[in-house]
2 protein chains.
Amino acid sequence: MINTKPLSGYMELLPGEQVEFDRIKKIIEETYASYGFTFLDTPAVERREVLMAKGGEELDKQIYFVNNGLYSEKENETALRFDLTVPLARYVSEHFNDLTFPFRRAHIAKVYRGERAQKGRFREFYQCDIDIIGRDKLSINYDAEIPSIIYEIFKKLDFGKFKIKISNRKLFNGLFDILKISAPINKTLHILDKIEKMSESELESELKELELNDFQINELKKFISIKGSISEVISGLKSLNIEDELFLEGILDLETITNRMLDFGVNKDYFELDLSIVRGLDYYTGTVYETVLENSSIGSVCSGGRYEALTSNYSNQKMPGVGISIGLSRLFFQLREIGIIKAENKTNANVIIIPAEKENISGAIKVSNYLREKGFKVDIILEESNMKKKFAYVDKLNPKNTVVIKTIENKELISIQQKINGEVFKKEVSLGNILESLS
Amino acid sequence: MINTKPLSGYMELLPGEQVEFDRIKKIIEETYASYGFTFLDTPAVERREVLMAKGGEELDKQIYFVNNGLYSEKENETALRFDLTVPLARYVSEHFNDLTFPFRRAHIAKVYRGERAQKGRFREFYQCDIDIIGRDKLSINYDAEIPSIIYEIFKKLDFGKFKIKISNRKLFNGLFDILKISAPINKTLHILDKIEKMSESELESELKELELNDFQINELKKFISIKGSISEVISGLKSLNIEDELFLEGILDLETITNRMLDFGVNKDYFELDLSIVRGLDYYTGTVYETVLENSSIGSVCSGGRYEALTSNYSNQKMPGVGISIGLSRLFFQLREIGIIKAENKTNANVIIIPAEKENISGAIKVSNYLREKGFKVDIILEESNMKKKFAYVDKLNPKNTVVIKTIENKELISIQQKINGEVFKKEVSLGNILESLS
């Protein structure tokens, strides 16, 4: 027999799980749309040179090349996209003259990475991206809109308390500049990140390996130890008295963003300034975001930031942007693992209609038409089997409402069954009052 | 510079076109959902043996193999799906014990075929499929539900008058059987299909090449000439007096389906029995459908039918089903070519808010929050540029409503601008009556 298992590293959901996955995806999609983003849907296959423009040996290993026996001219000239940012950069470069800037684009789609298969790591996974791309410039105000959208999404998703952590790369750039630190920022931050896990002397010895002197180490420690409320962090940063232009710009950015987020209605308990955010520092140039769920330890579920040169590999235009991405497949997998996501609905329908006998099929179809017109999702059993089998179908799918159409004494009757907290309630209704009886 | 054009044969839309494409896709999706279908989202990559199970040399040429430098064990062992039916068959076989039958599944996704690039033929394209799969059996009633769903979709899409053409493969099977025709059904039908384009003698000579005798040819011509209203076709079929069980079953099927479609509310002007439908006869075993738009000559835009052995290549279960597919990418392309689809909205937003000055940004954000809560899709200009530039943005995107927030004599005012038939209307409103002023 042919192996029908999905390929290793590829997520495949059962109907109940898929209903839940789609519910989450729809919340993300509708919220992105409500902020006026235009959705793109670029091809999943791109030219090798487009995908490889940024370079990197790791990339070469992760890319899935696509070849077709007959018509491809050269081998390994096209491949599946590994993210949605490279296709965005290509799209904006190619269609520059047809776009209106700032360009608000959303893209929810699968991307592909040939990573070694392991639990919770997928080779095909959804990214849910939004980016706002400016032409030559882009106001810092947009850096406040992006996390406000994320706030709204995670409030609606209701996975529990979360926090959006915000920092600004300009602070590090300015700090390293003024302290004349020549060590790579990323490496240095990785060490500082472990400040709570290692002893003072271990930390210092690791930093000294990067050729940092005592003064530099001391200043970095002072910087990283700034914590507290937003106003406390801002005044902490100011009290460092660092007269570097970039550093001061970073402080101003953070002040503007946090004020504007309040305008957007973000509850102040849901975001904070966290100077330890390390994320993608080689790409981002200003604001950076991470989002953590406070009742789990699954790490950042939504990250992004401000960048200055989206299209530098593909065009001469200067295109700054700010964006964020939700790694939906991984998020779904992790939340299911820790029991926050449950797949309770086995069907997409909220009403299943059962015609008791063959003679009731016509009437049952008419009830289904009526309910569908009123916005219900209606499944109707058209198989002419016995009632036991029909109820077995309903019991397995477990919809909110079951509607039975039957004939008693030459009269066609509608009866509704609802399961509420495990108990079954039944009532007879007429077509006139069926709507108010459904849940 | 790197080539940023999308690959040949891959559709890439500009924002305005994408808004229209997504609007159409959403109508299809929501209608499928309203009939209680559960959406699947299987991996785009499948095992070679799964995709090749049915065999066929043509397939081997069309398949896009997927290879990854580092981790793949063997070359060309995985490939992109070329349709959504093979993944459905694999899925149903693999998850048989976790599914509830009849299983209503919808799947809207991209598929890949390495066809020679030509206008209107895509190598990556959307299919929008629904299928209802039975375990061992599936009532003919479902064969009526499927075209009723298609009717609802094309009514909503409003591309003009359309017709769903229905036939039944059992008629041909029965007819060929009773007439003892051993020629391949498909080949024979292809010739009969040209009946109006060729002379009597040409037709007969072609049919005789397939070794049909005069009697057989005559009977086939009588059959294919049955046309008219549904009742006329049914009685025409009956008057042939063919006492073949399969043939009679075919007539009964057509009667049941057409009656049930009326129950589902399908207007009788929108479907007909058309005995000349040739579609996929090697796979389908009963009902077959095609859908044509009457104001265009683009051929069938939505086809499908009844089959008996969905999973025969992957499992020993008997699984009959009935389904239909809309080839969305091709449909969109064709309707755009003939001007039925226009991309008039350049933005997904129905409101763009302009803060006149920096001091109005905070108030403008609050108006945007309010409108979003009320269900509007709101884009807000956060760039601090001059009014000329802000209006240039609005003019390019051409939203239904533009809302300007400005301060006059220390009072913040809201003014709305709407373009109706090219004319611009302006009015001052308060937050209290803004909703009724928007369109």
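Which side chain does the side chain of Ser139(B) contact in a polar contact? The partner is the side chain of Asn141(B), at 3.0 Å. The legends below start there. This is a predicted model, in which local features need pLDDT of at least 70 and side-chain atom pairs count only at pLDDT 80 or more, while totals for chains, interfaces and linings use all residues. Residues are numbered from 1 along each chain as its sequence is written, chains are lettered from A and ligands numbered from 1 in the order in which they are written, and side-chain values use heavy atoms, with hydrogens and water left out.

**View 1**
Ser139(B) lies in the loop between β6 (124-133) and α5 (141-157) of chain B. Helices (H or I, at least four residues) and strands (E, at least two) are DSSP runs, numbered from the N terminus. Ser139(B) counts as buried because its relative accessibility is 8%. Buried means under 20% relative accessible area, exposed over 50%, partly exposed in between (1.4 Å probe, protein chains only). The side chains of Ser139(B) and Asn141(B) are in polar contact. A polar contact is a pair of N or O atoms within 3.5 Å; within protein, one must be able to donate a hydrogen and the other to accept it, and residues adjacent in sequence count only if both atoms are side-chain atoms. Leaving out residues up to four places away in sequence, Ser139(B) touches Leu382(A), Glu383(A), Glu384(A) and Arg306(B). Contact means heavy atoms within 4.5 Å. Pro320(B) is 181 residues from Ser139(B) in sequence, yet their C-alpha atoms are 9.7 Å apart.

**View 1. The interface of chain B and chain A.**
On chain B, 106 residues are in contact with 106 residues of chain A. The two chains bury about 9,000 Å² between them, 53% of it on carbon and sulfur atoms. Buried area is the accessible area (1.4 Å probe) that two parts lose on being put together, summed over both. Between the chains, 56 residue pairs are in polar contact, both residues at pLDDT 80 or more. Helix α13 (residues 361-373) of chain B gives the most to the side of chain B that touches chain A, with 7 residues. That side has 48 nonpolar, 28 polar and 30 charged residues. Here Ala, Val, Leu, Ile, Met, Phe, Trp, Tyr, Cys and Pro count as nonpolar, Asp, Glu, Lys and Arg as charged, and the others, Gly among them, as polar.

**View 2. Strand pairing between the chains.**
Strand β3 (residues 64-68) of chain A and strand β3 (residues 64-68) of chain B run antiparallel, joined by 5 bridges. Two strands pair if DSSP finds at least two bridges between them. Phe65(A) has Asn67(B) as its bridge partner in β3(B).

**View 3. Salt bridges at Lys110(A).**
A salt bridge is a side-chain nitrogen of Lys or Arg within 4 Å of a carboxyl oxygen of Asp or Glu. Chain B and chain A share 10 salt bridges. One joins Asp41(B) to Lys110(A), with the closest N and O atoms 2.9 Å apart. Lys110(A) also meets Glu124(A) in a salt bridge, at 3.4 Å, N to O. Glu124(A) sits in strand β6 (residues 124-133) of chain A and Lys110(A) in strand β5 (residues 103-112) of chain A, 14 residues apart. Both Glu124(A) and Lys110(A) are buried.

Glu30(A) and Lys26(A) form a salt bridge (3.9 Å, N to O). About one helical turn separates them, because they are 4 residues apart in helix α1 (residues 15-34) of chain A. Glu30(A) is partly exposed, at 44% relative accessibility. Lys26(A) is partly exposed too, at 43%. In chain B, the closest N and O atoms of the Lys221(B)–Glu200(B) salt bridge are 2.6 Å apart. That pair links helix α9 (residues 214-224) of chain B, which holds Lys221(B), to helix α8 (residues 200-209) of chain B, which holds Glu200(B). Lys221(B) counts as buried, at 15% relative accessibility.

**View 4. Strand β10 of chain A and its neighbours.**
In strand β10 (residues 302-307) of chain A, 6 of 6 residues are buried. Strand β9 (residues 287-293) of chain A pairs with β10(A) in the antiparallel sense over 2 bridges. Tyr289(A) has Gly304(A) as its bridge partner. Strand β11 (residues 321-326) of chain A also pairs with β10(A) in the antiparallel sense, over 6 bridges. There, Cys302(A) is partnered by Ile326(A).
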